[in-house]
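Me: I'm new to this one. Can you walk me through a few parts of it?
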Amino acid sequence: MGINFDCASLAEIEQVLDMKIDPSRIIFAHPCKAPSALDIAVRRGVRWATFDNSDELDKIQKISPELELLLRIYVQDHTAKVALGEKFGAPIEIVRTLLERARQLELKVVGVSFHIGSGASDPNAFVRAVQHAKCAFDDGKSLGFDMQILDVGGGFEDNNFETMAYPLREAIAREFTSPVTLIAEPGRFYASGFYTMVCQVIGRRTQKSITTTLPLPDMLYLNDGLYGCFSMKWSEEKIFVPTLIKSRGISTPVPREWKPHRYSIWGPTCDSIDCISKEVIMDQEIMIGDWLRFQDMGGKHYDSRSLSKSHLNLVYKMVNMS
């Protein structure tokens, strides 16, 4: 479809290349890359990468000086669900120093990138980011770099896309009067909340408290959990509330109670932190073999270490929206 790929790890790069995608359509958008990953990516034909510190520049100069680089700057929405600025991004105060170091090392800086955070909600964060990016562009041009690319990152969600995108578009038009190639990462906008998950109850356990007289919710065990499609619980503390899929005329050997029941819901592993929901109220008793429906499931901001090919369709970040 002409859409390109933002990859955060060598594994992601190889997944894209395995689909016969031209490596020129990939940006290695991780500011701190393992030397081996950097070397392999370049030998596989990747031409773009990001950086946010001088040590990364030294590494790139030694391993892959032919790369075209984007300086990732620090700007974030402090209300974002995943505050990426806590890990990446050069403060605006050191931008010129980094660009001067890149010039000393005879590297090629072609643009600026930022990411205000996954699940962002403050449009002013985009405005600040574009303003800082323009300052970085000006510093780069004054040092002789051919600054051409602006990567505005992600943070887009279905429930506030217009609210976030309009101020971003206006800020770009205001600050960048000369033509610039834009990259965006709207993966979460497309991949979050796009499917319904159906899980089967594979076990049930009645709780008896030994420390209190208060009744504890009974426990339900499902055939998927936090290490699978419910992984948004890790980073965003998403609350999952299921509904029971009613059977169509199929009777169970043991009659169920038709009154509200309290349950905690657990994944299938032996890990005690594999808890999908601490407490939910169901309108009737849930039994082994029942099917529970979870709506608005989908992708999130993934840690590249946890990616698998089965999740590939959820986590591709799409770039080059201009």
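This is a predicted model: local features need pLDDT of at least 70, side-chain atom pairs count only at pLDDT 80 or more; totals for chains, interfaces and linings use all residues.

Me: What is Pro-167 in contact with, leaving aside its neighbours within four places in sequence?
Reply: Pro-123, Val-127 and Glu-162. Pro-167 itself is found in helix α6, residues 161-175.

Me: How far apart are Pro-167 and Ala-125, in sequence and in space?
Reply: They are 42 residues apart in sequence. From C-alpha to C-alpha, the distance is 9.6 Å.

Me: New topic. Is strand β4 buried or exposed?
Reply: Buried. That goes for 5 of the 5 residues in β4 (68-72), so the rest of the structure largely encloses this strand.

Me: Which residues sit on each side of β4?
Reply: Glu-68, Leu-70 and Arg-72 are on one side, with Leu-69 and Leu-71 on the other.

Me: How does β3 pair with β4, parallel or antiparallel?
Reply: Parallel, over 4 bridges. Ala-49 stands opposite Leu-69 there. β3, helix α3 (residues 54-63) and β4 make a right-handed β-α-β unit.

Me: What about β4 and β5?
Reply: They run parallel too, joined by 5 bridges. Leu-69 has Val-109 as its bridge partner in β5. The chain gets from β4 to β5 through helix α4, in a right-handed β-α-β crossover.

Me: How do β10 and β13 run?
Reply: Antiparallel, joined by 2 bridges. Leu-244 has Leu-292 as its partner in β13.

Note on methods. Residues are numbered from 1 along each chain as its sequence is written. Side-chain values use heavy atoms; hydrogens and water are left out. Contact means heavy atoms within 4.5 Å. Two strands pair if DSSP finds at least two bridges between them. Buried means under 20% relative accessible area, exposed over 50%, partly exposed in between (1.4 Å probe, protein chains only). A crossover is right-handed if, with the strands pointing away from the viewer, the path from the first strand over the helix to the second runs clockwise.
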